[in-house]
Amino acid sequence: MAPKSKKAKNAKKAKNADNSKTPKDADKGGKGDRGQAAAARKPARELLFGDLWEFDPAPESADPRIEESYGLFINGRFSAPKSRKHFTSVSPRDGAALSRIASAGKADVNAAYLAAARAFAKWSQLPGRERGKFLFRIARLLQDRSREFAVAETLDGGKPIKESRDFDLPMAAAHFFYHAGWADKLDYLAPGRRCEPLGVVGQVIPWNFPLLMLAWKLAPALAAGNTVVLKPAETTSITALKFASILQDAGLPPGVVNIVTGAGDTGAEVVNHPKAAKVAFTGSTEVGKLIQRSLAGSGKRLTLELGGKAANIVFADAPLDQAVEGIVNGIFFNQGHVCCAGSRLLVQESIAGLIVDKLRDRLAVLRVGDPLDKNTDVGAINSGEQLDKIRELVQSGIDEGAEIHQPKCRLPEKGWYFPPTLFSGVTQSHRIAREEIFGPVLSILTFRTPAEAIEKANNTAYGLSAGVWTDKGSRILKMAAELKAGVVWANTYNRFDPSSPFGGYKESGFGREGGKHGLLDYLKLG
């Protein structure tokens, strides 16, 4: 019998994963939980192929149709900025320049508000069914050009193409479809009350979900009969400016939506303009506090969707493999650039060792690299500044004694990248357990009882979201009632729907986006 080749031997190599490390027997959850923990201690079989087979690159080849330069979209057309200032939009994928973007000054923002104010008179009086037709057209056009927009979103923001393609674009279109259906049914939002639009709305959106946040803001505002002045983030302005061409193709009346680009000073002009009847902001808690102070006493309506430090809580009776996938999705989706990311993992003590082992195995097969590659799981960090912040907080975790784990992965030489990172041995006093990192970094803490889990989860200045993993429905309901979070997911994470309101409280802001609650924030009731 001829000896087998080395390659054949490698292909058949298998080993028993040493998951028999005995978890601490401190589980207090009851007979069912003890049985689950005992079952979890049984060794699991794992087939390891090492680097025998490598994925071939699968780059997305669609043309994103990005213009060399963009002006400001005011009164239905693009125009040069009166400030005569521009900035360059750079791709985090490789640091290459994508486009030259206009920077709006005070005069430009004022022109946008004047155009929106003129358009409001007719738009607000347009029958709801007619406004709905425009929103339906926008949604369909966005679907028609979804591949083009997905590539542009990935190039400009750094997220994996499969996330832009499979989540951002479909969800953006879904928000326009959903609110198009509401446009002629506003009287049913608050029976017995008369619903009227507010006027001109100033909106400032973040860089982590540029197109989706645009849809979250624009769709309810337009359905309610308002007109809009919108400012996208400085580092991710391209898809908002491309979206202006969809508004033109849909035949939206001039001035109904105006898009001004620039840095923080442009955002301040949008927020503080006297013609703004309402301001909607999504971004950091620090900037949200500044906006709230500046608008105090002005009479303007305000909604804020700010930062978070969500707790993802796993009990011993949870479906562990399903929970591990939810944990990975909760923190590494969009490189952790998610305000509701499950960046604090609270694991019941009896299964903590097993969960950490499973997470390490899962991280070993995450692919970090070119966001345009369809195989990539973790793409590029949005900017060099954000990468510096992530590195600084990770170093603080090491300095404060937490145990770090990063899988072996080859990062691209160009662009801004950071490997998925786990920290175990984390306590409530660690900075990485208290501050929003906004990157692919997970802090792992343990608990023994549901009461301890609730106390630790609520021990934060934020209150945006949380997750609960357990087999007991009664426990889910109890945890959801006691967790101080605007959104609580049960046995899943990062699930969104246009009909479901999203938002937080405490330092995560106030107001809701999506559903009837989100629409009501763009209306005044008579």
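This dialogue explains how to read several features of a predicted model.

Q: What does it mean to call a residue buried, and what is the relative accessibility of histidine 179?
A: A residue is buried when its relative accessible area is under 20%. Histidine 179 has a relative accessibility of 1%, so this residue counts as buried. Histidine 179 belongs to helix α6, which covers residues 161-182.

Q: Why can side chains form salt bridges, and how many does the structure hold?
A: Side chains of opposite charge can pair when their charged atoms come close. The structure holds 26 salt bridges. One of them joins the side chains of glutamate 130 and arginine 129, at 4.0 Å from N to O. Glutamate 130 is partly exposed, with a relative accessible area of 25%, whereas arginine 129 counts as exposed at 54%.

Q: Which parts of the chain are tied together by aspartate 377 and lysine 162?
A: The side chains of aspartate 377 and lysine 162 meet in a salt bridge of 2.6 Å, N to O. Aspartate 377 lies in the loop between α12 and α13 (384-399), and lysine 162 lies in helix α6, so the pair ties together parts that are 215 residues apart in sequence. Lysine 162 counts as partly exposed, at 25% relative accessibility.

Q: Where do arginine 360 and glutamate 403 lie?
A: These two side chains meet in a salt bridge of 3.3 Å, N to O. Arginine 360 is in helix α12 and glutamate 403 is in strand β16 (residues 403-405), so their pairing ties together parts 43 residues apart in sequence. Arginine 360 is partly exposed at 28% relative accessibility, and glutamate 403 is partly exposed at 46%.

Q: Which residues form a negative surface patch?
A: Patches are made of residues with over 30% relative accessible area and no salt bridge. Here Glu234, Asp265, Glu385 and Asp388 form a negative patch. Glutamate 234 is in the loop between β10 (227-231) and α8 (238-250), and counts as partly exposed at 36% relative accessibility.

Note on methods: Residues numbered from 1 in each chain as written. Predicted model: local features only at pLDDT ≥ 70, side-chain atom pairs only at ≥ 80, totals over all residues. Heavy atoms only, no water. Patch = residues over 30% accessible without salt bridge, like charges linked within 9 Å, V, L, I, M, F, W, Y side chains within 5 Å. Areas by Shrake-Rupley, 256 points an atom, 1.4 Å probe, with all protein chains shown as cover. Lys, Arg positive; Asp, Glu negative; His and termini not counted. Charge placed at Lys NZ, Arg CZ, Asp CG, Glu CD. Helix = DSSP H or I, 4+ residues; strand = E, 2+ residues; numbered from the N terminus. Buried < 20%, exposed > 50% of the residue type's maximum accessible area, 1.4 Å probe, protein only.
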